[in-house]
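Hello,

Here is the structure I promised to pass on. Please have a look, and then read on for what I found in it.

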Amino acid sequence: MITVAFFDTKPYDKQSFESLKGEDLNIRYFENKLNADTVSMAACCDVVCAFVNDTIDKFVIDKLCDYGVKLIALRCAGYNNVDLKAARGRITVVRVPAYSPHAVAEHSMGMILTLNRKLHRAYIRTRDHNFSLEGLCGYDLFGKTVGIIGTGKIGCVFADICKGFGMKVIGYDPIKNKDFCGKYKDIKDIFKESDIISLHCPLTKEDKHLINEKAIEKCKKGVCIINTSRGKLVDTSALIEGLKSGKVGSAGLDVYDEETSLFFEDKSDEIIEDDKISTLISMPNVLVTSHQAFLTKEALTGISNTTISNIISFFNKGKTENEVVAQ
Ligand code: NAI
């Protein structure tokens with residue numbers, strides 16, 4: 001029997017993993033996030049199963065190695081929260097490289113449609129029997145230019161969706177993808193030409209704050225910025241300044257620089273101390289969702305299936321699938 005310490009558990013995770021796990025796994029579900037304070041809960045386990053806002057730094061990895069944990073099974077695609085150098089040669093890290101690129105790509109388009117046609121405002125208005133159209137004017141997506149930064153699995157699906165709307169699709173990626181239906185451009189041209197910019201690249205040391213003051217300066221006035229990738233790709237202060245000046249016309253954020261202590265939790269009874277997120281949420285042309293882009297039935301099934309298969313392969317078949325290693 002393989003014992004798994006499952007951190008940051010939500011009811012939908014438990015439901016999905018319990019229905020698919022089979023006989024070989026004994027899963028201990030913890031609601032806590034994995035970090036220096038909670039790592040001791042993994043003692044006596046073979047695997048930790050972690051998610052996007054768990055903090056798997058050197059301290060946590062040292063402790064996991066001391067406890068004899070052999071595998072960190074990430075149930076997500078991104079791995080920016082793991083100190084891979086500290087893990088190298090000591091503990092194996094695996095992830096779910098793809099589950100449903102459609103889930104994230106469709107959420108990105110949902111954010112664009114909502115912001116452009118002001119559906120979030122219309123919904124509130126009509127519930128109050130206010131049927132005025134004042135301030136709800138959008139623009140046709142047909143013929144507009146969308147700039148996609150990162151043309152991997154999600155970026156390509158998103159490009160196809162945009163093509164379906166009759167948009168001009170341009171993209172930037174250091175590695176060209178034959179499946180990308182748009183035209184590759186330099187990043188500076190993405191900033192210069194796009195009416196909408198959507199981020200679909202991973203967070204790395206190099207692209208932290210890719211959307212910063214200088215990048216925003218280069219953009220078209222009124223640009224819509226969509227981030228469903230990772231919060232730290234955007235310099236939030238620069239984004240807020242851009243929104244205040246009108247240079248940025250709207251922003252759809254499914255991820256946020258400082259999301260770890262906020263997202264996935266009900267904070268409705270608390271005072272939020274983070275002034276930046278409060279400012280963003282107060283703006284009528286900003287839509288914040290709490291890292292929800294992945295959340296479809298298909299994606300949850302894909303995540304559970306691949307994570308379980310990663311664990312079983314490692315322990316029972318001696319194979320390491322979907323490993324992430326330090327570059
Ligand atoms: P992928 O690995 O298929 O594609 C990422 C692409 O980004 C690659 O083609 C890579 O060459 C490119 N890239 C790397 N650095 C870049 C840079 N500086 N500028 C432009 N392109 C760059 O990954 P996939 O599956 O498409 O996922 C993309 C990102 O979406 C993930 O890294 C993750 O951060 C995010 N994500 C968010 C979810 C959510 O629920 N909001 C769920 C799943 C993924």
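The side chain of Arg230 has an N or O atom 3.4 Å from an oxygen atom of the ligand, a polar contact (a pair of N or O atoms within 3.5 Å). Asp254 also takes part, with a polar side-chain atom 3.0 Å from a ligand nitrogen. At Phe294 the backbone supplies the N or O atom, 3.1 Å from an oxygen atom of the ligand. The protein buries 85% of the 870 Å² that the ligand exposes when taken alone (areas by the Shrake-Rupley method with a 1.4 Å probe).

Before going further, please note that this is a predicted model: local features need pLDDT of at least 70, side-chain atom pairs count only at pLDDT 80 or more, and totals for chains, interfaces and linings use all residues. Residues are numbered from 1 along each chain as its sequence is written, and side-chain values use heavy atoms, leaving out hydrogens and water.

Around the ligand there are 23 residues (a heavy atom within 4 Å), and Lys153, Ile154, Asp173, Thr228 and Asp254 come nearest.

Now to the sheet. Seven strands (DSSP runs of E, at least two residues) form an open, parallel sheet, ordered S8-S7-S6-S9-S10-S11-S12; strands pair if DSSP finds at least two bridges between them. Its edges are S8 (183-184) and S12 (286-288), each pairing on one side only. Further in, S6 (residues 145-149) and S9 (residues 196-199) run parallel and are joined by four bridges. One of the pairings there is Val146 with Ile196 in S9.

Best wishes

Note on methods:
A polar contact is a pair of N or O atoms within 3.5 Å; within protein, one must be able to donate a hydrogen and the other to accept it, and residues adjacent in sequence count only if both atoms are side-chain atoms.
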